[in-house]
Amino acid sequence: MAERKIRVLLAKPGLDGHDRGAKVIARALRDAGMEVIYTGLRQTPEMIVNAALQEDVDCIGLSILSGAHTVLCPQLMQLLREKELTDVLVVVGGIIPQEDIPKLKEIGIAEVFLPGTSMHTIIEFIRSHVRPRA
Amino acid sequence: MTTKETHSHVGIDVQRWEEETLNPTLQKRPERMRQFSTVSLRPIERLYTPLNVAELDYERDLGFPGEYPYTRGIYPTMYRGRLWTMRQFAGFGTAFDTNKRFKYLLEHGQTGLSVAFDLPTLMGVDADDPAAAGEVGKCGVAISSLEDMEVLFDGIPLEQVTTSMTINAPASIIFAMYLVVAEKQGADWKKISGTLQNDILKEYIAQKEWIYPPEPSMRLVVDSIVFCTRHVPRWHPISISGYHIREAGSTALQELAFTLRDGIEYVQWVIAAGLDVDEFAPQLSFFFNSHNDFFEEIAKFRAARRVWAKVMRERFGARHPQSWMCRFHTQTAGCSLTAQQPYNNVVRTALQALAAVLGGTQSLHTNSLDEALALPTEQAAQIALRTQQIIAYESGVTNTVDPLAGSYFVETLTNEMERGCWDYFDKIDAMGGMLNAIALGFPQREIHEAAYQYQQAVEAGEKIIVGVNDFVVDEEPPLPILYIDESVAEIQKERLRQLRAKRDNNRVQQTLEALKAACRGNDNTMPFIIECVRAYATLGEISSAMKEVFGDYQEPAF
């Protein structure tokens, strides 16, 4: 039986339109053999969590460059708990001040990727941290 | 000796040099890389000689500064006459916070203001809208009404400073607010000057902050250009921007070609609205990125002037030399800055700024060293401004006009940039213009492809980023950064609540209805927007009124 491909939802929450990183990562993850669903721009946490549920993803990657992570990440994690999606790996990439990283990890974000992170590092992190599916 | 004879001599000499001098060296010691290329992955040859520019005609292709085709600069004396405007982009938190920063920058020698708005403002959304959650005051200043704009420019005489405003989808609303503040200060609209970014095409291509679909958005841009031509003649109603196209990952050539082609589109639309090209073309301005590859950038700026001059004279038949000039603002490349070893960003920015100056920019913004981490602190912003001042006053590069002219390498790159532009123009013209090209996803795909190729070159170690994929150190002392917290959103929400309670809400409704009627018809929308602003209708209320008529836009999937 063929191994189930890792499914990743890439999302841009908030109003920010800088999607270069998200799109490059989407392509890199696809090239690495994952299935990638890119939500497009201006997603609310509700929209992202609903998409994650419908698409049955293993990982949610959030791209935030606007500083809105302080408000949007806690909202998203809360919604994931409400929908009992706690086994979904959540990672964040973007412009995140150092002092915010521990706060994001505390609420359950698995990793924060800052500018300059290689695509290889992100691919490897997702591969080694998604929960194996039954 | 004739030029032809010189070239044949050089040709023979190059062959001799390769055989006698170069090849023995290459056999002993190969070059560092199999292939050399610019940051845009444009191949670069080992050596450039007169043969590379054999077709170059000095009088035709370069000419003199201040004369067609302006390759060497749009003014005869360039920086010997006047330095570029040092225009640092600033804005964060509330209008009160940013007003303080503006005054600080003006006291420290900055010569023009440049307003960074937060994302809700850029999207035409009020601070108390649920969509603004987490974004208020973060990436720029929060402006929801005329009241905020009055605070923003409090104590700053608008007849004396020039202001650049980075705003696009809701540009006419923010501009209307600026005009009303000027009016309240007693300033004459005919005397105020500055620049509105107001470039909606690059939003669909790269920056992605749109509200309405492309056609009504273009109408709003055209309305503002026509309005300025008649009532605010010293204002630059649009700054046609390649900056964001480059930040989205384009090559230098794509940045140049898509930006100038957007310019062509605007000129066509304004002419179609009934203006003569020479009535408005002198007020058009451009905005470019200055990235890491020093010579490629200089060539891009020089080519921009030559291509635009030809477009205006030959394609549009403009008669006035002012209409032929490509004047531009430049910002150093934000996307080149690294979160790793952030002090290195001062050096990157200095080199990029130097390229912009050698390229003949009219105005410059140097990024601050901490911008891969957060908005600039006051000290980081000061170093960025000092970088410009050191180039201006200490480096000596401002003492002569276009000092790199005649460099075989720079002239070759300039010619290649120009040729590449004409090729892209032909492609986009064949698609029926820029709106159709955008609908087909053409520029978007070209940029994405370039961004991906560059990232792969970085991953493969073919492109070195100091501190990121080479010369890496383990630990970094964290920089002090500017932190905007949620109290800004609370202050803004409370201000809006008070405003909605104290203003004449009947008048607000009447002005919004009148604006909607104008949007349904053919009247110029600017005077109607100004009336809404005078009644203290908020940014969100005005943009929603227009959205009722124009609809909104969803990006097609490519």
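What share of the contacts in chain B with a separation of 6 or more comes from residues 24 or more positions apart? In chain B, 79% of those contacts do, where contact means heavy atoms within 4.5 Å.

Hello everyone, and a quick word on the ground rules. This is a predicted model, in which local features need pLDDT of at least 70, side-chain atom pairs count only at pLDDT 80 or more, and totals for chains, interfaces and linings use all residues. Residues are numbered from 1 along each chain as its sequence is written, chains are lettered from A and ligands numbered from 1 in the order in which they are written, and side-chain values use heavy atoms, with hydrogens and water left out.

Let's begin with chain B. Chain B holds 22 helices and 10 strands; helices (H or I, at least four residues) and strands (E, at least two) are DSSP runs, numbered from the N terminus. The radius of gyration of chain B is 24 Å, close to the 24 Å that the globule rule gives for 558 residues, so chain B is as compact as a globular protein of that length. That radius is taken over C-alpha atoms, and the rule is 2.2 Å times the number of residues to the power 0.38. The C-alpha trace of chain B spans about 85 × 60 × 50 Å along its principal axes. Of its 558 residues, 60% count as buried, meaning under 20% relative accessible area, with exposed over 50% and partly exposed in between (1.4 Å probe, protein chains only).

Now for the inside. The largest nonpolar core has 160 residues. Such a core is a set of buried Ala, Val, Leu, Ile, Met, Phe, Trp, Tyr and Cys residues joined through side-chain atoms within 4.5 Å. Among the residues with the most contacts inside this core are Met149(B), Phe153(B) and Trp308(B). Helix 6 of chain B, residues 171-185, gives the largest share of this core, 11 residues. Leaving aside neighbours within four places in sequence, the contacts of Trp308(B) include Leu260(B), Phe286(B) and Trp324(B).

Chain A has 5 helices and 5 strands, and from the N terminus on its elements run β-α-β-α-β-α-β-α-β-α. Its radius of gyration is 14 Å, close to the 14 Å that the globule rule gives for 134 residues, so chain A is as compact as a globular protein of that length. Along its principal axes, the C-alpha trace of chain A spans about 45 × 35 × 25 Å. Of the 134 residues of chain A, 54% count as buried. Residues 24 or more positions apart supply 71% of the contacts in chain A with a separation of 6 or more.

Finally, some backbone details to look for on screen. Which residues of chain B does a cis peptide bond join? They are Tyr68(B) and Pro69(B), with omega about 0°. Pro69(B) sits in the loop between helix 2 (58-62) and strand 1 (85-86) of chain B, and Met78(B) is in the loop between helix 2 and strand 1 too. Met78(B), a residue other than glycine, has a positive phi near 45°, and Met78(B) is buried, at 7% relative accessible area. Tyr536(B) also has a positive phi, near 65°. You'll find Tyr536(B) in the loop between helix 21 (526-534) and helix 22 (539-550), where Tyr536(B) is buried, with a relative accessible area of 19%.
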